[in-house]
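Please look over the fold, the core and the ring contacts of the protein shown here. A brief report follows the structure.

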Amino acid sequence: MHRPAPFPQPLGQPAAPRAELAPFLTPSLATVVSGARRRALRDGDRQIDTAHLLHSLVESDPEVGAALGGGGKAARVLGYLVQRSIGYGLRWQRSVESSAAGRLLPAVRGSGVRGSRAASGWSPAASAALTEAFHRAAARGDAQARGTDVLAGITADPECRAVEVLRRAGIDTAALRTRLAAGSTAPEEASLPPEEAEPSQQV
């Protein structure tokens, strides 16, 4: 049986500096986190939210793209993410992304990811997703979290912004969550029927 690896506690404390998180991230996931930070700054957002994380994950982590179902589905997800500043994404501006994960996931209950106790610089939902990713890595005995761990943390919160984007892109988030929980990234029936997926809003 794996002995749980230590994982960082800073997400429930004051903001976690990049250098403080780095030892707990694979190199590719460190690139993802850096990309999400840059995207939040470029978008003028006060916090990194789950949509920032998802955008960076899909762009930078091939394993995450494969989990979503390959090039076509990943491209559709990106098609929605790049429209953050228009359409449905407009309502996200100047608002804080809350989280349902604190009441759904045993791993993050009591870890300070909800409300004002969430780490500065991260939305409560993004903090919850990262906290869950660290718990997943620790449970299997890994010292570092991977991109698919973060994706699993994101999909565990049905109310977060990233899950809304995935649904709009036709991804069956329940099936994706089940596969990731089982340690599999191979898509089976991971997408909604075409008539249930919303049409692209690209302009």
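## Basis

This is a predicted model: local features need pLDDT of at least 70, side-chain atom pairs count only at pLDDT 80 or more, and totals for chains, interfaces and linings use all residues. Numbering starts from 1 along each chain as its sequence is written, and side-chain values use heavy atoms, leaving out hydrogens and water.

## Fold and surface

The protein has ten helices and zero strands. Both are DSSP runs numbered from the N terminus: helices are H or I with at least four residues, strands are E with at least two. The pattern along the sequence is α-α-α-α-α-α-α-α-α-α.

Of the 203 residues, 49% are buried (under 20% relative accessible area; exposed is over 50%, partly exposed in between; 1.4 Å probe, protein chains only). Accessible surface totals about 9,600 Å², and carbon and sulfur atoms hold 53% of that. Areas come from the Shrake-Rupley method with a 1.4 Å probe. Take contacts (heavy atoms within 4.5 Å) between residues at least 6 apart in sequence: 65% of them join residues at least 24 apart.

## Nonpolar core

A nonpolar core is a set of buried Ala, Val, Leu, Ile, Met, Phe, Trp, Tyr and Cys residues joined through side-chain atoms within 4.5 Å. The largest one has 43 residues, and Leu-53, Leu-54, Val-77 and Ile-154 have the most contacts inside it. Elements giving two or more residues include helix H3 (50-60), helix H5 (71-81) and helix H8 (147-155). H7 gives the most, with seven residues.

Leu-53 touches Val-32, Ala-36, Ile-48, Trp-122, Ala-126, Leu-130, Val-150 and Ile-154, leaving aside residues up to four places away in sequence.

## H3 against H9

The axes of H3 and H9 lie 6 Å apart, at an angle of about 55 degrees. Axes are lines fitted to C-alpha atoms, for helices over the stretch in contact; angles run from 0 to 180 degrees between N-to-C directions. The two helices are therefore oblique (under 35 degrees is roughly parallel, over 145 roughly antiparallel, 65 to 115 roughly perpendicular, the rest oblique). H3 contributes Thr-50, Ala-51 and Leu-54 to the contact; H9 contributes Arg-161, Ala-162, Val-165 and Leu-166.

## Aromatic pair

Rings of Phe, Tyr and Trp (its six-membered ring) pair if their centres lie within 6.5 Å; planes under 30 degrees apart are stacked, over 60 edge-to-face, the rest tilted. The count is one pair. Phe-24 and Phe-134 sit edge-to-face, 6.3 Å centre to centre with 70 degrees between the planes. They are 110 residues apart: Phe-24 is in the loop between H1 and H2, Phe-134 in helix H7. Phe-134 counts as buried, at 3% relative accessibility.
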